[in-house]
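Welcome, and take a moment to look at the picture before reading on. We will walk through it step by step, beginning with the place where the chains come together.

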Number of protein chains: 2
Amino acid sequence: MSLKSIDDLFLHGVKDLFYAEKKLVQTLPKMAKKATSTELKQAIEQHLGETQDQVERLERIFVLLDETPRGKKCPAMDGLIEEGKEIMEEAEDDDVLDAGMLAAAQAVEHYEIARYGTLIAWGEELGMSEAVQLLKESLKEEKNADKLLSSLAEGNLNRKAA
Amino acid sequence: MSLKSIDDLFLHGVKDLFYAEKKLVQTLPKMAKKATSTELKQAIEQHLGETQDQVERLERIFVLLDETPRGKKCPAMDGLIEEGKEIMEEAEDDDVLDAGMLAAAQAVEHYEIARYGTLIAWGEELGMSEAVQLLKESLKEEKNADKLLSSLAEGNLNRKAA
């Protein structure tokens, strides 16, 4: 893919996030199944629903761009998920497992927050108000998911595992 | 590595960040060299100095933990850097290159913000006040770096490339 303009970068970024969000839709149910804390399980399940909405929003952006929805392999998200899997395999205690998964989920959220933020900045420069609106909805959900995970992390989970 | 307690998770996280920060120390000079905007070049060079300080802080935390400083392969940071490299190779325009590198740098900052935040939460639960203080200094630098990159992204760079 050759990148000649911000339009190209924008499309590149949308493809990257489309791959990442679709990969998450596959991964979150496995995490929810493994989680032992009810609160963490619920938080992951809630975010699965949001992630499915985010995939749909990206599909709408592809339509706005007159492009076929198609992901682009995203090594960062692959790496983030690999790290989460490692923690899930290496944890030998339920509370440690929950705390580690929570950390992995927050790293994923932050990756997405960065990418949505960038796409919004580029979309605004390109005057793509409809796409920007969709991206802002997803960014808001990601930030809320991160806050919820933070409140869980600062609450019971860590104390239980310490 | 078997993870039996939050202490194990904390050490695991410190090793992950140690690998990530050291990898960045190698990568940032290449990015600074490629950057065409003077502001972006300066921002990257400034953050290289901070990253070297962050490596030293992690070394001090290893000492506090009575552990030998040793990194643990971090697939997420490897993936983030790989994505940055892709952009650098595929950009066919100086301003697009700068905008793409800026986005890659912000994704890296967000990864680190998430990891430092998690380590601070765990360190507080473990009562490791000296380590927490060091981690908070690094987190503050990462957040400031992200803000500086955001202000560059919203300013000239994107407009030039659009």
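How much area do chain B and chain A bury between them? In this predicted model, the figure is about 3800 Å², and 59% of it lies on carbon and sulfur atoms. If you count residues instead, 45 residues of chain B are in contact with 45 residues of chain A.

Let us see which parts of chain B take part. Four helices each supply at least two residues of the side that touches chain A: helix H1 (6-34), helix H3 (75-90), helix H4 (94-125) and helix H5 (129-161) of chain B. The largest share comes from H4(B), with 16 residues. Sorted by kind, the residues on this side of chain B are 23 nonpolar, nine polar and 13 charged.

Now for the way the two chains are arranged. Turn chain B by 180 degrees, with a shift of 0.0 Å along the axis, and it can be laid on chain A with an RMSD of 0.0 Å. The two copies are thus related as by a two-fold rotation axis. What about the surface through which they meet? Of the interface residues of chain B, 100% are also interface residues in chain A, so the copies meet through the same surface.

With the arrangement in mind, we can look at the polar side of this interface. Between chain B and chain A there are 15 residue pairs in polar contact, and the interface is also crossed by four salt bridges.

Over all chains, the count of salt bridges comes to 16. Let us turn to some that lie within a chain. In chain A, the side chains of A:Asp78 and A:Lys23 meet in a salt bridge, at 2.9 Å from N to O. This pair links distant parts of the chain, since A:Asp78 sits in helix H3 (residues 75-90) and A:Lys23 in helix H1 (residues 6-34), 55 residues apart.

Chain B has a salt bridge between B:Lys23 and B:Asp78, whose side chains meet at 2.9 Å, N to O. Here, too, distant parts of the chain are linked: B:Lys23 belongs to helix H1 of chain B and B:Asp78 to helix H3 of chain B, 55 residues apart. B:Lys23 counts as partly exposed at 25% relative accessibility, whereas B:Asp78 is buried, with a relative accessible area of 14%.

Which residue forms a salt bridge with B:Asp78 at 2.6 Å between the closest N and O atoms? That residue is B:Lys73, and B:Lys73 is exposed, with a relative accessible area of 55%. B:Asp78 therefore counts as buried at 14%, while B:Lys73, one of its salt-bridge partners, counts as exposed at 55%.

Note on methods
Residues are numbered from 1 along each chain as its sequence is written. Chains are lettered from A and ligands numbered from 1 in the order in which they are written. This is a predicted model: local features need pLDDT of at least 70, side-chain atom pairs count only at pLDDT 80 or more; totals for chains, interfaces and linings use all residues. Side-chain values use heavy atoms; hydrogens and water are left out. Contact means heavy atoms within 4.5 Å. Buried area is the accessible area (1.4 Å probe) that two parts lose on being put together, summed over both. A polar contact is a pair of N or O atoms within 3.5 Å; within protein, one must be able to donate a hydrogen and the other to accept it, and residues adjacent in sequence count only if both atoms are side-chain atoms. Ala, Val, Leu, Ile, Met, Phe, Trp, Tyr, Cys and Pro count as nonpolar, Asp, Glu, Lys and Arg as charged, and the others, Gly among them, as polar. Copies are superposed by least squares on the C-alpha atoms of residues with pLDDT of at least 70 in both. Buried means under 20% relative accessible area, exposed over 50%, partly exposed in between (1.4 Å probe, protein chains only).
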